Amino acid sequence: MELENANPLVFERKESRQLTSQEQDDSVVDEFDAREVYDHIRGIKDPEHPLTLEELNVVQESDVFVDDGSNTCEVYFTPTIDRCSMATLIGLCIMVKLMRSLPSRFKIEVRLTKGSHSTEEAINKQLNDKERVAAALENPNLLQVINTCLKDSL
């Protein structure tokens, strides 16, 4: 199999966030924020490379928007090339990781960064259609690939 982007740029990983004593105290209620959501998705493995989405700069903390009060989470991601055939799969991986990590009260939207992909509108429509996502997750082969990408993520 030939890789679409055989030599992607690799970026440095952020240091793990050091938790404050207040964050470690289970009796303190803290709101979800962009950094916490980013920490959930940054370790997802790319489907084509043995690298994380963070290392490929596909996800960035500055492209994560969380409003705990209104129960919304929006994540933008940028494929390494504008014709990436794995963009929908990457988006599904992000969506599944957040569905598994955030409370069900959150409305999650995963979108391509504007102008980052040749079929951006179609992919965004697929990723944010609950029925399409549910149908995709019923496919055992696709779910296995997603679980492989999520395995060992932070």
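This report covers the nonpolar core and the aromatic pairs of a predicted model.

**The core**

The largest nonpolar core holds 38 residues. Within this core, Phe-77, Ile-94 and Leu-98 touch the most other members. Two or more residues each come from helix H2 (34–41), strand E2 (72–77), helix H3 (87–101), strand E3 (107–112), helix H4 (120–127), helix H5 (130–137) and helix H6 (140–150). H3 gives the largest share, nine residues. In soluble globular proteins, nonpolar side chains tend to be buried together.

Leu-98 deserves a look. Neighbours within four places in sequence aside, Leu-98 is in contact with Val-37, His-40, Ile-41, Cys-73, Val-75 and Ile-108.

**The aromatic pairs**

The structure holds two aromatic pairs.

| Pair | Centre to centre | Angle between planes | Geometry |
|---|---|---|---|
| Phe-32 and Phe-106 | 5.4 Å | 80 degrees | edge-to-face |
| Phe-65 and Tyr-76 | 6.1 Å | 80 degrees | edge-to-face |

Phe-32 sits in the loop between helix H1 (21–24) and H2, and Phe-106 in the loop between H3 and E3, so their pairing ties together parts that are 74 residues apart in sequence. Both Phe-32 and Phe-106 are buried.

Phe-65 belongs to strand E1 (residues 64–67) and Tyr-76 to strand E2, so this pair ties together parts that are eleven residues apart in sequence. Are Phe-65 and Tyr-76 buried or partly exposed? Phe-65 has 44% relative accessibility, so it counts as partly exposed. Tyr-76 has 24% relative accessibility and therefore also counts as partly exposed. Buried would require a value under 20%.

How values were computed. Residues are numbered from 1 along each chain as its sequence is written. This is a predicted model: local features need pLDDT of at least 70, side-chain atom pairs count only at pLDDT 80 or more; totals for chains, interfaces and linings use all residues. Side-chain values use heavy atoms; hydrogens and water are left out. A nonpolar core is a set of buried Ala, Val, Leu, Ile, Met, Phe, Trp, Tyr and Cys residues joined through side-chain atoms within 4.5 Å. Buried means under 20% relative accessible area, exposed over 50%, partly exposed in between (1.4 Å probe, protein chains only). Helices (H or I, at least four residues) and strands (E, at least two) are DSSP runs, numbered from the N terminus. Contact means heavy atoms within 4.5 Å. Rings of Phe, Tyr and Trp (its six-membered ring) pair if their centres lie within 6.5 Å; planes under 30 degrees apart count as stacked, over 60 as edge-to-face and the rest as tilted.
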